[in-house]
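Please look over the sequence and the structure shown here before reading on.

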Amino acid sequence: MSSSTLASDADTGMAMTEVDWLRVHYDACAGGYSEQLAFCELERGSRIIDVGCGPGFFLPLLAQQLGPGGEIVACDLSQSHLDHARKRHGDEIDGCTIRYQFANAVELPFPDGSFDAYWTANVSQYLDDAQFRRMLAEARRVTRRGGRVAFKDWDAALFRVEPSETGTAQRLMDACNRAFLAGSSAPVTMNIHRATTYSHIRRWMTAAGFRDARQHSTLIEFSAPLSEGHRIWCERLLKMFAQVAHEVQSPDQEFWSQFSTKAPAETILADPDFYCAEGSMVGVAFVP
Ligand SMILES: C[S@@+](CC[C@H](N)C(=O)[O-])C[C@H]1O[C@@H](n2cnc3c(N)ncnc32)[C@H](O)[C@@H]1O
């Protein structure tokens, strides 16, 4: 699979982490993301950690929630993403302090109970099940008793693309998940595996020892006629899925291959009935 289609960050090589890919995705989903953050009800003036902050696209929304006097420690495994975030936002957004720290989600370099709240978006998909359990355990450890923990990622069960035969999008998700479970190391299959389990986030959190877990999904929709931002995002996403579908020998090859072999104007992207949707799921719970 070509690295340009995979949009990998230069530092980590992880797929779908390149800055421009993340920017286009964030901009296309911004409305839905505001709704997800509102569900988390982060407290004003609190000190939080943003794990896997990437280039920092969520920082303004988080800072808006915390307000003046709040503090965000933005962490990532990619130094280039941290540098990008610092250059973009500096040490403060509207009175909310921002700090940057190189850190691994499964082994955070902070003492127990360091934060009032924990936030992470679109990161757990890079972790297998054992690593994800460690990430949850670390979230519990670094958040103070009574503190709030929020895990956001995408929910593969809500992925749709139209016009297509019924079930086309889900057959691709299933094929990727099965490939991953059968031991495939094909890029993006682990991300999709996590996304196919993300509708269980409440149970993941309860099993990790959190209390009062609840979850909320937001459907983010891209419908013809597409805005310029949505068009660019859908083109990139579907082109990547065409590569993934080929890699895992998913059913519906003819459908998916249109996005890698034809110009966008010759694909369903130009259809007046074009519709694509992705689901975003957030789980919120408390440290006992
Ligand atoms: C898809 S990006 C999401 C970035 C940002 N949260 C957003 O939603 O725009 C995933 C980010 O997680 C980071 N990441 C992946 N595994 C990580 C880990 N084990 N610890 C910390 N960061 C990690 C990547 O470097 C990347 O910046």
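## Ligand contacts

In this predicted model, a nitrogen atom of the ligand has a backbone N or O atom of Ala-105 at 2.8 Å, a polar contact in the sense of a pair of N or O atoms within 3.5 Å. The protein covers 96% of the 600 Å² of accessible area that the ligand has on its own, with areas taken from the Shrake-Rupley method and a 1.4 Å probe. An N or O atom in the side chain of Asn-104 is 2.9 Å from a nitrogen atom of the ligand, and a backbone N or O atom of Leu-77 lies 3.5 Å from a ligand nitrogen.

The ligand is surrounded by 19 residues, counted if one of their heavy atoms lies within 4 Å of it; the closest are Gly-52, Asp-76, Asn-104, Ala-105 and Ala-121.

Strand 1 (residues 47–51) is largely enclosed by the rest of the structure, because four of its five residues are buried, that is, under 20% relative accessible area with a 1.4 Å probe and protein chains only. Strands here are DSSP runs of E with at least two residues, and helices are runs of H or I with at least four.

Strand 1 pairs in the parallel sense with strand 2 (residues 71–76) over five bridges, where pairing requires at least two DSSP bridges, and Asp-50 has Ala-74 of strand 2 as its bridge partner. Strand 1 also runs parallel to strand 5 (residues 115–121), joined to it by four bridges, with Val-51 opposite Thr-120.

## Basis of the values

Residues are numbered from 1 along each chain as its sequence is written, and side-chain values use heavy atoms, without hydrogens or water. Local features need pLDDT of at least 70 and side-chain atom pairs count only at pLDDT 80 or more, whereas totals for chains, interfaces and linings use all residues.

Notes: Buried means under 20% relative accessible area, exposed over 50%, partly exposed in between (1.4 Å probe, protein chains only). A polar contact is a pair of N or O atoms within 3.5 Å; within protein, one must be able to donate a hydrogen and the other to accept it, and residues adjacent in sequence count only if both atoms are side-chain atoms.
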